[in-house]
Amino acid sequence: MRLPLSLQPVLACPCPQAYKLGRLQGRNSRGPPASAPRGDLMFLLDSSASVSHYEFSRVREFVGQLVAPLPLDTGALRASLVHVGSRPYTEFSFGQHSSGKAAQDAVLASAQRMGDTHTGLALAYAKEQLFAEAAGARPGVPKVLVWVTDGGSSDPVGPPMQELKDLGVTVFIVSTGRGNFLELSAAASAPAEKHLHFVDVDDLHIILQELTGSILDAMRPQQLHATEITSSGFRLAWPPLLTADAGYYVLELVPSAQPGAARRQQLPGNATDWTWAGLDPDTDYDAALVPESNVHLLRPQHLRVRTRPGEAGPRVGGPESGAAPVPTQPAALPAPEEAGPERIVISHARPRSLRVSWAPALGAAAALGYHVQFGPLEGGAAQRVEVPAGRNCTTLQGLAPGTAYLVTVTAAFRSGRESALSAKACTPDGPRPRPRPVPRAPTLGAASREP
């Protein structure tokens, strides 16, 4: 039995819509013909007790539909399925199935594992046992992870996910329930609008075609990808698109927050990699590979890469300068009262308004306040409402009737940290306009009788 929207807003939504960050972009038909996909594709399926049997069956069916049309081949494109539970469990490993139909049958025959939601443990397992070259992974081929989750995990996800992305793994995330919007955005590969989907478990079919195309695009050899990511640089690699006598490449690197600080490098047509060094730690960079061909038109390829957080900088006035070293302070731990929203409740839904409440509520001593951002799931402008600390509810006005919205509540702490939680909500259809009364034709009175 599905819970009503007012009690569990993130698990049920009467509007059959999927949330996809940003606007869907049409595919560019120009450029060379698409080559056959190859690489290693792993599906990470939340099989824990936090997922109901009904939801697991729908997600299992969705993963089966994703893998069925893939041209699996033990020497080119391989697929694997790993369950998230108290311990990770491999349903089938890379190369075990040589056709999409065989892999689909194995997915549909899989059983729910139950237990705790130890996603971080499953990610570490995937790195060590499936994606690492020391464990037999194929070097030089694209690697893709598709994580289907209800949005929660009992252990940290960020560090092991970052280690996978540092190996060059492209991460797609499909969230079917509640979850920390900011954490899921950080966990998915950049840009998030291409790699992160929020969708109700009953509406997974809406994203099936687009996600299948995105997976295949990520596994085609012409894809630009990053590996060996450190706090000060990373290596870009791509398959041969040109030859030494048929053109050259132009590489461009731009800090996302500083569009004017671009770096460029020209490379010969037989180059297939380049290492950028001297970069800032914990910074997003937009990389572009522009093939300049003398034979045919090749479209540029784009990639966003985030460098890893750096170590503490050198002490001011070290021993070699003769000055006394400056003592370093231990990193401040988050205050125990810095607990972000853990539950969102949608109530008083009207055609053009609804009420958002959350818990726990923080006082002015810990939080500066809350930001409540909301926008239509199918795309459109987002709006933002500021709520002062100490309050834990607000009414959103000016909504459209019969529309699905994504509502994100972000707590802004005095320490500078932020914590967010997202939920889906729908406005009911508005009342039908009453038909205007049709004016009645005047009736002629009875003829007066002559006396």
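**Helix packing, salt bridges and confidence**

Q: At what angle do helix 1 and helix 7 pack, and how far apart are their axes?
A: Helix 1, covering residues 53–67, packs against helix 7, covering residues 208–218, at an angle of about 50 degrees, and their axes lie 10 Å apart. Axes here are lines fitted to C-alpha atoms, for helices over the stretch in contact, with angles from 0 to 180 degrees between N-to-C directions. This is a predicted model, in which local features need pLDDT of at least 70 and side-chain atom pairs count only at pLDDT 80 or more, while totals for chains, interfaces and linings use all residues.

Q: How are helix 1 and helix 7 set to each other, then?
A: They are oblique to each other, since angles under 35 degrees count as roughly parallel, over 145 as roughly antiparallel, 65 to 115 as roughly perpendicular and the rest as oblique.

Q: Which residues meet there, going from helix 1 to helix 7?
A: On the helix 1 side they are Phe62, Gln65 and Leu66, and these meet Leu208, Leu211, Thr212 and Ile215 of helix 7; contact means heavy atoms within 4.5 Å.

Q: And helix 2, how do its axis and that of helix 1 cross?
A: Helix 2 spans residues 100–108, and its axis comes within 8 Å of the axis of helix 1, crossing at roughly 170 degrees. The two helices are therefore roughly antiparallel to each other. From helix 1 the contact draws on Arg60, Glu61, Val63, Gly64, Gln65 and Val67, while helix 2 brings Gly100, Ala103, Gln104, Val107 and Leu108.

Q: What about helix 3 and helix 4, what's their angle?
A: Helix 3 (residues 119–131) and helix 4 (residues 158–166) pack at about 25 degrees, with axes 8 Å apart, which makes helix 3 roughly parallel to helix 4. Gly120, Leu123, Ala124, Lys127 and Phe131 of helix 3 meet Pro160, Met161, Glu163 and Leu164 of helix 4.

Q: Switching topic, how many salt bridges are there?
A: The count comes to 13, a salt bridge being a side-chain nitrogen of Lys or Arg within 4 Å of a carboxyl oxygen of Asp or Glu.

Q: Which residue does Arg78 form a salt bridge with?
A: Arg78 pairs with Asp40, and their closest N and O atoms are 2.8 Å apart. The pair links distant parts of the chain, 38 residues apart, because Arg78 is in strand 3 (residues 77–84) and Asp40 in strand 2 (residues 39–46), where helices (H or I, at least four residues) and strands (E, at least two) are DSSP runs numbered from the N terminus.

Q: What does the pLDDT average?
A: The average is 78, and 79% of the residues score at least 70, on the predictor's confidence scale for each residue, from 0 to 100. Residues 1–34 are below 50, though this stretch has 81 contacts beyond near neighbours in sequence in the model. Residues 312–336 also stay under 50, with 10 contacts beyond four places in sequence. Residues are numbered from 1 along each chain as its sequence is written, and side-chain values use heavy atoms, leaving out hydrogens and water.
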